[in-house]
Amino acid sequence: MEKKIALTHLVDLLEKKRKIAANLEDILSVDSKRTALNDHHSRRKPRPCGMTIHTGVGCSYLCAYCYIYDMGFTAVPKPYPLKPEEIVYALTQNPYIVPERTLAAYGSVTEPFLPETVHRAIEYMRDIWRWLNLPTQLSTKAILTDDIISGVLSGDPNASVLITVVTLSNRRLEPRAPDPLKRIESAGRALEKGLKVSLFIRPIIPGVTDREAEKILTASADKGIDSVVLGSLRVTESILWRLEKSGVAREEIEKRLAEPLKGSGQIEVRSSDLKDKIRRLAEEFGFKVFRAACEANIYSHGRYCAMCRIGPCNIDVKAKGLDEEDLRDLLEYLGIRYLGVEVDDKAVKIMLRKTGIDERIKYLVSTATYRKTIIIKA
Ligand code: SF4
Ligand code: SF4
């Protein structure tokens, strides 16, 4: 049966953002506001998986496939320098962010639950949820302790937790991360305590992950995990060198490179055949297979999304209540002079006389409506 969710009036979402910013302006010191405004969270455009929120700087797990070391991060982690209210304020200043809509992804350039960063990560998740209600997603290789589970649940009750496992046998690939079977065990406990956990098989390492997928899926299914996100590998010269040192067959990766390696440039490792193989296996085990991390987030929050060509996602939950009037109000609020609008389940179409609209506004409309925005010049 089709469930209905109420879609908040679109203009209210942006008004809410304005009021939160005004509230924080009253609370924060001049220095805090300056720090927040200078931080990249106040201006960065979200990635397809949502807005990545940095909970720390650096990571000590030293995974051989990790790209952060090529980006200049070190193996000595520190909590991200912004205080919780400062990061919320930075997000209110970011022109791409829409309260309640923009997906928040924690842990993209670090492990969020390192001993040095866990406190900050939980504070961020709780406060960003409390002020802005951005749907929470995090990926982790840490053991989900009772404190972490209750910490995450103190924020977004529908947070999407991705537990990463790409190998059970090759510990050299993740030398300082906790044992993968213990991760899975802790994910099972987290599920019992009400967290929404999916298995995260990313990056698929050719010759390793595809051969171990059955065991990973079996161990996860045994602990009650019933959904999975699959994702491919990207390599730089140094990642490939580290993978080889960790026992991965270099030629398995080289033959799949989408283009020649170029220093610290991240090159895609083509693996749709391996992804298909693991997807089929997972489906045989009864897993729900998500095509992208954001699909898991949309699903765990009972939303519907058709923002990109992969979607629509979670089609059992159609976002009802998005009508032309709502969209017209939003466009007027944004100062867009349009000739007409059309709305359907996959897109919003805006008819303009001649000039286009700012990419930022287009992105904002898409995020607010969870649909593609198509501009038609009349
Ligand atoms: S846990 Fe994540 S950020 Fe840390 S080294 Fe591994 S892949 Fe990199
Ligand atoms: S349509 Fe699906 S894959 Fe695309 S942005 Fe939305 S949730 Fe993500």
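These legends describe close-up views of a predicted model. Local features need pLDDT of at least 70, side-chain atom pairs count only at pLDDT 80 or more, and totals for chains, interfaces and linings use all residues. Residues are numbered from 1 along each chain as its sequence is written, while chains are lettered from A and ligands numbered from 1 in the order in which they are written.

**View 1. The two domains of the protein chain.** Domain 1 covers 48-79 + 100-300, and domain 2 covers 324-377. These bounds come from an automatic or database domain assignment. The C-alpha centres of domain 1 and domain 2 are 35 Å apart.

**View 2. The shell around ligand 1.** A residue is near a molecule if its C-beta atom, placed from the backbone, lies within 6 Å of it. Around ligand 1 these are Cys59, Tyr61, Leu62, Cys63, Cys66, Ile68, Thr110, Glu111, Lys141 and Ala177. By class, this shell has 7 nonpolar, 1 polar and 2 charged residues. Ala, Val, Leu, Ile, Met, Phe, Trp, Tyr, Cys and Pro count as nonpolar, Asp, Glu, Lys and Arg as charged, and the others, Gly among them, as polar.

**View 3. The shell around ligand 2.** Ligand 2 is surrounded by 13 residues. The closest are Cys294, Cys305, Cys308, Gly311 and Cys313. The shell divides into 11 nonpolar, 1 polar and 1 charged. One of the closest residues, Gly311, is joined to proline 312 by a cis peptide bond, with omega about 5°. Proline 312 sits in the loop between α11 (293-300) and α12 (324-333). Helices (H or I, at least four residues) and strands (E, at least two) are DSSP runs, numbered from the N terminus.

**View 4. Helix α7 against helix α10.** The axes of α7 (residues 209-222) and α10 (residues 272-284) come within 10 Å and cross at roughly 20°. Therefore α7 is roughly parallel to α10. Axes are lines fitted to C-alpha atoms, for helices over the stretch in contact, and angles run from 0 to 180 degrees between N-to-C directions. Angles under 35 degrees count as roughly parallel, over 145 as roughly antiparallel, 65 to 115 as roughly perpendicular and the rest as oblique. From α7, Asp210, Ala213, Glu214 and Leu217 make the contact; from α10, Leu274, Lys277, Ile278, Leu281 and Ala282 do. Contact here means C-beta atoms, placed from the backbone, within 7 Å. The contact residues are 6 nonpolar, no polar and 3 charged.

**View 5. Helix α2 against helix α3.** Helix α2 (residues 30-38) packs on α3 (residues 84-93) at about 55°, with the axes 8 Å apart. This angle makes α2 oblique to α3. Their crossing is right-handed. Ser32, Lys33, Thr35, Ala36 and Leu37 of α2 meet Glu86, Tyr89, Ala90 and Gln93 of α3. The contact has 4 nonpolar, 3 polar and 2 charged residues.

**View 6. Helix α1 against helix α3.** Helix α1 (residues 10-27) and α3 have axes 9 Å apart, at an angle of about 140°. So α1 is oblique to α3. This crossing is left-handed. Lys17, Ile20, Ala21, Leu24 and Ile27 of α1 touch Glu85, Val88, Tyr89, Thr92 and Gln93 of α3. By class, 6 are nonpolar, 2 polar and 2 charged.

**View 7. Backbone details in two loops.** The peptide bond from arginine 202 to proline 203 is cis, with omega near 5°. Proline 203 lies in the loop between β7 (196-201) and α7. Glutamate 100 is a residue other than glycine with a positive phi, near 70°. Its loop runs between α3 and β4 (104-106).

Terms used
Two residues are in contact if their C-beta atoms, placed from the backbone, lie within 7 Å. A crossing is left-handed if the near helix is turned anticlockwise from the far one by less than a right angle, and right-handed if clockwise.
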